[in-house]
Amino acid sequence: MSARERIIQSAKELFSQKGYNHTTVEDIVKHAGLSKGAFYFYFKSKDQLMEELINSMANRTKEIMKRWLEKDVSAEEAIKGHIRDFLLECYEDRHIAYVFFFELMCSKEEFRKLHSMHLQEIRELLSQMVKKGYERGEFLCGSVKTLVNLIAGYIRLIYMEGLLLDHTPLEDVLKEAEEGLEIIFRGLKCG
């Protein structure tokens, strides 16, 4: 593992144990067995390190969505598939997501802007999946905007409450997501 990777891994572990605000750069390098110089060789600050962690998570989410958009499957299958893959991916970094949403979003404007930027791109990708369903005649009622809001709102609830706050087991979160999406899609087919 490279020094950069050790710093990132150390930060992830300490942020999840102590929280962001109670973890110092010194804690991170000590835990990684490195010097402060090594930290500042790769990162300007603890905020920049956190920003990279968030960008990495958001970019992985967008890659998952793009992969499902390119598949020759129904819109419903693409939406369900990408959400399942998203929840599996997010489960690994749920402690970092917790720190981001509940420590940093409330206190730092630059992190709110970062979240807003990624959220807008993710909504656009979801809109493309939903639009595909309407164009193919898979969805018979409602609108792209309404369906995106329903799906995004439902998954955000499961993600924030189930994974981040209640520490619900992953299998239960996946089952709940699948059941909820099934009900949403069933309603779209009634015409």
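**Salt bridges and a helix crossing**

Lys-18 is partly exposed, with 36% relative accessible area (buried is under 20%, exposed over 50%, partly exposed in between; 1.4 Å probe, protein chains only). The model is predicted: local features need pLDDT of at least 70, side-chain atom pairs count only at pLDDT 80 or more, and totals for chains, interfaces and linings use all residues. Residues are numbered from 1 along each chain as its sequence is written, and side-chain values use heavy atoms, leaving out hydrogens and water.

**Salt bridges**
- The whole structure holds 14 salt bridges (a side-chain nitrogen of Lys or Arg within 4 Å of a carboxyl oxygen of Asp or Glu).
- Lys-18 pairs with Asp-27, the closest N and O atoms 2.8 Å apart.
- Asp-27 is partly exposed at 23%.
- Glu-121 bridges to Lys-62 at 2.3 Å between the closest N and O atoms.
- Glu-121 sits in helix α7 (residues 109-135) and Lys-62 in helix α4 (residues 46-70), so the pair ties together parts 59 residues apart in sequence. Helices are DSSP runs (H or I, at least four residues), numbered from the N terminus.
- Lys-62 is buried at 6%, whereas Glu-121 is partly exposed at 33%.
- Lys-12, Arg-60, Glu-89 and Asp-93 form a salt-bridge network.

**Helices α1 and α2**
- The axes of α1 (residues 3-18) and α2 (residues 25-32) come within 8 Å and cross at roughly 120°. Axes are lines fitted to C-alpha atoms over the stretch in contact, with angles from 0 to 180 degrees between N-to-C directions.
- The contact (heavy atoms within 4.5 Å) includes Lys-18 of α1 and Asp-27 of α2.

How values were computed. Helix = DSSP H or I, 4+ residues; strand = E, 2+ residues; numbered from the N terminus.
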